[in-house]
Amino acid sequence: DVLSGAPGREGAAAARVGLTQATGLRQSDEAWASWADRRRALPEHLWNEALIRDLLAAREATHAQRTQAAQAAAAFARRLYLLTPPGDRPAQLVSLLRSPVPDVRLSAIAIAEREVAAGRPFTEPVYRALSGLLDSDSPGDRAGVAVVLGRTGTAESLDRIIDALHREPDPEAAASMLSAVARTPTEETLGDALRWLAVPGPTLEPAAEAVAETLLRPDWPKRDAVMLAARAALGQNDPAAFGPQRLRLLSLLAETAGELDTLVALLEDPERRDDAARALALSQLGLARLEPLAKRDASLATAAGGAIARRADGADVLRRLIDLAWPERADVLPFVEIWAQRSPLNDVLDQAERAEPLVRAAALQAATNGEPQPKDEALLALALVRLHIAADVAERADLAAGAMERLVSIDPAVWSTLSGAERQEIESALPTSSALDRHETDHPAGDQRTGSPASGEPVPSERAGPAEG
């Protein structure tokens with residue numbers, strides 16, 4: 001009655017549209033009354049879903065408007081969920097997951113993913129709504145839900161994903177499903193991984209190869225058959241078109257050096273060189289092809305050096321690292337440290353002794369950082385002396401001082417396991433007032449437990465180099 005005049009009616013009609021986004025209610029009181037009656041009995045979450053639909057419908061005049069509307073609807077869905085009381089959120093999430101608006105569903109899937117990450121379990125209605133989207137017409141829905149269900153880690157979720165994977169036609173959705181089940185591979189998932197592994201292009205590489213590589217573990221009961229099937233799947237495509245992950249798998253599956261010719265050829269392509277080098281470095285056959293090239297090409301040194309430092313064994317590992325064509329001499333040091341940290345202390349001592357001071361100091365420092373076993377304490381003492389000398393020569397006074405400080409805290413009694421020349425090397429390097437001097441105060445000269453000089457053979461007061469012989 002108050003707004004019975006024309007200006008008032010126009011204002012009321014505009015307010016209706018602003019509140020509801022229902023443009024058809026602008027002029028018709030009957031339509032407005034019918035609209036209100038239909039929605040009056042709706043629960044709040046269904047009322048809000050209707051508002052989202054109307055919001056989208058109001059902006060469908062152009063593609064740009066539709067895009068803006070979809071984004072606005074998704075943003076509205078996120079805000080709506082956050083503003084919903086916690087007890088009502090499951091029903092609200094179900095409503096959003098069943099929305100006819102694709103962007104709203106994707107927003108709801110993202111909300112569900114955050115709920116999983118926060119450790120909050122789904123109610124049964126929410127779980128049914130989520131798993132039902134594995135049958136959605138939208139590949140984006142299927143891909144997103146596979147990620148969420150995979151993170152729940154339940155057997156039921158994995159079974160649902162595997163069932164969906166068998167009939168999945170979309171590469172991106174299949175990639176998400178394969179990634180979701182990669183942690184618990186089965187022969188069923190292997191078949192799907194190999195099916196997509198044979199598809200040209202890089203789309204499926206990360207997921208399919210993650211499953212295939214997992215199934216290539218040495219303890220996999222049918223490893224030979226798996227390797228044969230994976231090699232056959234790879235053989236259906238031109239390796240030159242492979243992306244990084246498929247190149248890695250090609251290297252792992254190679255049985256002869258000739259099978260790696262494609263990878264070696266890709267080293268000539270500046271855009272593919274890094275991927276090919278990293279793939280070659282994964283296998284012994286590949287490293288044997290890569291290492292000679294890395295001695296001449298500095299761009300390959302990092303890939304070859306990483307493989308040698310992490311996996312190679314033998315009496316010449318340090319020399320192999322040094323011989324690579326490093327852009328700067330110091331570039332080899334991080335790889336020397338990786339090798340020294342994983343290698344037996346006596347191997348490091350033997351190989352570092354023949355290296356230049358800077359490299360020797362890096363190797364010995366890395367090797368002496370950990371806590372040795374009791375049987376290695378004598379070797380540790382010898383390593384610390386050599387580190388002190390090498391670091392001093394290499395002008396690393398901090399390493400030299402740290403090595404000596406740790407050395408004098410070692411009980412000299414453990415040195416008895418070393419040879420006479422090694423003990424003399426340690427004793428020659430100790431300064432006056434060392435732990436050895438303090439030890440001799442408690443144990444008379446010639447005490448066999450110390451391995452120290454007998455009476456009348458004083459310990460030199462100045463550090464000398466390693467004993468001859």
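Axes are lines fitted to C-alpha atoms, for helices over the stretch in contact, and angles run from 0 to 180 degrees between N-to-C directions. This is a predicted model, in which local features need pLDDT of at least 70, side-chain atom pairs count only at pLDDT 80 or more, and totals for chains, interfaces and linings use all residues. Residues are numbered from 1 along each chain as its sequence is written, and side-chain values use heavy atoms, without hydrogens or water.

**Figure 1. The protein chain has 26 helices and 0 strands.** Helices (H or I, at least four residues) and strands (E, at least two) are DSSP runs, numbered from the N terminus. Of the 469 residues, 45% are buried (under 20% relative accessible area, 1.4 Å probe, protein chains only).

**Figure 2. Helix α23 (residues 377–393) meets helix α24 (residues 397–407).** Their axes come within 8 Å and cross at roughly 155 degrees. The two are therefore roughly antiparallel (angles over 145 degrees). The contact (heavy atoms within 4.5 Å) includes L380, L384 and H388 of α23 and L399, A403 and L407 of α24. Its residues divide into 12 nonpolar, 1 polar and 2 charged. Here Ala, Val, Leu, Ile, Met, Phe, Trp, Tyr, Cys and Pro count as nonpolar, Asp, Glu, Lys and Arg as charged, and the others, Gly among them, as polar.

**Figure 3. Helix α10 (residues 171–181) is largely enclosed by the rest of the structure, because 8 of its 11 residues are buried.** Among them are A173, M177, L178 and V181. The buried residues pack against α8 (139–152), α9 (155–166), α11 (187–197) and α12 (205–215).

**Figure 4. D170 lies at the start of α10.** A side-chain oxygen of D170 reaches to within 3.1 Å of the backbone nitrogen of E172.

Methods:
Angles under 35 degrees count as roughly parallel, over 145 as roughly antiparallel, 65 to 115 as roughly perpendicular and the rest as oblique. Buried means under 20% relative accessible area, exposed over 50%, partly exposed in between (1.4 Å probe, protein chains only). A polar contact is a pair of N or O atoms within 3.5 Å; within protein, one must be able to donate a hydrogen and the other to accept it, and residues adjacent in sequence count only if both atoms are side-chain atoms.
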